[in-house]
Amino acid sequence: MSASRPSSAASTLVPIYLVAHRYMLYDVDTVSALRRDHHIIGTLIGTLPQSPQQNVFCGLPLELMPEEARLLVEVGVAYIVDDVKAHKQGFLDRGLSGEERKMYVNALQRQGADAARVTRMRAAERRERGLAQRREKQARKDLIKSTIEGVDTQTEDGSDNPRDMLTDRTCMTESGSVSTVTDKTINEEEEMQGDALLFTSRENSTSVREDSRSATPASVQSLRHKLAPLPDDEIQPITPTTSYPPLPQHPNEDSPPLSTLPLPTVPTSYPLFKFLHSRGYFLAPGLRFGCQYMAYPGDPLRYHSHFLCNGLDWDQDFDLMELVGGGRLGTGVKKGFLIGGEEQEGKARAFCVEWSGM
Amino acid sequence: MSTPRNSSSSTPEDPTLSGLHQFIQDNRPPRDATHEAHAHKLALQVAHNLRFQHGWTEIRLHYHPSRQQATAHSLPRPVISGLPPQRLYMHPDEQIEVLQRQREQGKAGWPEVAPEREWVVPSQLQESWTLRRFGDVFDALSAVPAEKEGGRLHFANAIQLDGDEGLEMMGNRSGSGAGSPFNSTPEREGTVTSNGNGHAPNKWRTGQPKRVLLATLDDDSTVVYYIVHDGIVKPRQN
C-alpha cells in the first residue's frame, strides 16, 4: 500500500501529535519513512489495556523523545500539533456538518456489525469443527469395536457422547426433517437456525430452510447469504484508531493552521543528541543501561548499540565515579561509554571511555 | 651496585618512610612548574604504580604542553608518559587488519606487536571533572608522546625482587621542560626505545582520535586505568 501512494513525509510536513507531554505518531507510513530517511526510531507503545507488556513487540502508536521531536522540527520535516486542541477545533468548532457526522457514525456502526458477524461465524465454525472431530473419534472407536467384537455399534452405549446425537447427524444428510430429536439436538439446531438467519446477506436469496438442518461447514457458509438486521446490543462498538478520515490530515494552505506549537523543550543533552544524529547514528532511550541514549551504528534491528551516551554541559561538574561506573558498565556489556557536550556554539565534542584492561 | 648520588638533590634515606613516600620525597618538582604540590605528588604516586605494579618503562613527567601543541598554553596538571610492557590498546579495525595480514601470511594467532607510548593523566577518584578539563588536557597533548620531552623520573637502580626494603630509592630531581639535559646516571630500567625515532608512527595512532589513560587513585591506594578517546571510537571486541 505504501508503494502505491507517495511518501507523505517527503512531500509535506509530518504532524507530530502532542498529547499530555508526549509526542506521538499514529501512521505506519510516517513511522517507517522517518526510520528510513531520518534514522529516527522512537518507541512503539501500543499494547492491550488488559494485558500491558514491556517488551519491544508493541505496536502503534509510536512515541518520540522530545529530542527526536525537536530535531525533526528543526530539520524541517515535521511540526508539532496540540492534539486535544486540534480535535476540539476539528470536531466542534470548524466542525463536521451534521450530515458528515451521521455518515461517520453509520460507517462506524457498519464496521461494528461486520465485526460482530465475523465473530459469530468464527464461533460457529469452531463449534462445527469440534463436533466433526467428536463424530470422527466416535466413528473410529465404533469401527474398532465392531471389528474386534462384531457388535452392532448403533446400539452400543459405551461412549460418553449421547448416541442419539451422533446417529441423528449421520443419517440426517439431505432429508428435510429430523427423525429422532433429543433435547440436546433441538437446542443445537435452534441455535444453528438462529445463526443461520444472521449469516444471510441481501445479495443472495437462496433459501435457508433446507440447509439449516444439516450441520456441515459448507452449509454454514451458505447461511451467510441472507442478511437479517442484527439486534443493537450485538453490534460491536468500534473505537477508531485515527481521526483522520473525518478530519483532514494535512491542513490546507488556506485554512487556519491547526494549533502548531513551538519547539519542544529538551534536556541539556540535546547538543550531543544532535551531534550523534548528524553522524548517522540511530539513538534510542538509554534507560535500561542507566544512561541517556544508546547509539546504534545502523538500524537497531540489524546492529547492537555501540555506545551508551550521556550529554552534559561543557562546564558541568560530574563525579569521576560516574565516569568510572559508566566506563565499567560499558565494557561489561561490550559498549563504549560516551560523554559529550557543546564546546562552542554549534560544535559538539565527545569523549569515549573504556576500561584499559590493566 | 649503586650509582653515584647527586648529593645536592637527593635526600638521605629515612627508613621510617615507605618506598613510595621516599620516592615522592626524592623527586621534587622543577622550579618552573606551576602546579600545586598535591598534583605533583599524585602524579608521582601514579608513576610509582605504573613502574612497579605494571612494569612500565621510560616513565616521564610532563609539566608543559607538548611542543607540537602550539596553541595550548598550559597543562592543567602534570601528565605522565611511558611505555607499557605490551601493547595496551589496539583499535578494533586495526585488530581486523592484523588478523587479515596474519592469515595472508599463513600464520595463526596473534603476531608480536610493539608497545606504544601512552599518556597517563592522574586523578583522584573523588575529584569532579568537567568536559572542559578533558578538552583542555587533550588540546595540550600531542597524539603520540615524544620520547625526549618531559622529565625523567629515577627509580631505584637496583631492581630487587625481595620487596621494597631492599631498594635504594635514588631520587634525582626530574628535569623540567623539553629536552633538558639529564645527569649522566645511566638508566638501568631500559634503554629500549619503542617506536624509535626511525620508525614512522603507526597510522592507527595518528589517524584515530587521541587517547590518554585516565588513572584514578582511590583512597585505598589502588589505581585503576581507563582509556579516554578524544572523539567517537567504537568499543573493542573483548
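Helix α3 (residues 66–75) of chain A lies across β1, β2, β4 (59–64) and β5 of chain A, and its direction makes about 120° with that of β5(A). This is a predicted model, in which local features need pLDDT of at least 70 and side-chain atom pairs count only at pLDDT 80 or more, while totals for chains, interfaces and linings use all residues. Residues are numbered from 1 along each chain as its sequence is written, chains are lettered from A and ligands numbered from 1 in the order in which they are written, and side-chain values use heavy atoms, with hydrogens and water left out.

**Sheet and helices of chain A**

- Helices (H or I, at least four residues) and strands (E, at least two) are DSSP runs numbered from the N terminus, and two strands pair if DSSP finds at least two bridges between them.
- In chain A, five strands form an open sheet with mixed pairing, in the order β3-β4-β2-β1-β5.
- Because β3 (43–46) and β5 (78–82) of chain A stand at the edges with a single partner strand each, one side of each is left without a neighbour in the sheet.
- Strands β1 (residues 14–19) and β2 (residues 22–25) of chain A run antiparallel and are joined by three bridges, and Leu18(A) has Tyr23(A) as its bridge partner in β2(A).
- Helix α4 (residues 83–93) of chain A packs on the sheet, where it touches β1 and β5 of chain A, and its direction makes about 70° with that of β5(A).
- Contact here means heavy atoms within 4.5 Å, and angles run from 0 to 180 degrees between N-to-C directions of axes fitted to C-alpha atoms, for helices over the stretch in contact.

**Pocket and cavities**

- On a 1 Å grid over the protein atoms alone, a cavity is a set of points where a 1.4 Å probe fits but cannot get out, whereas a pocket is an open set with protein on both sides within 12 Å along at least five of seven lines, and lining residues have an atom within 4 Å of a point.
- Among the 13 residues lining the largest cavity, Tyr89(B), His91(B), Trp204(B), Gln208(B) and Arg211(B) are the closest to its centre.
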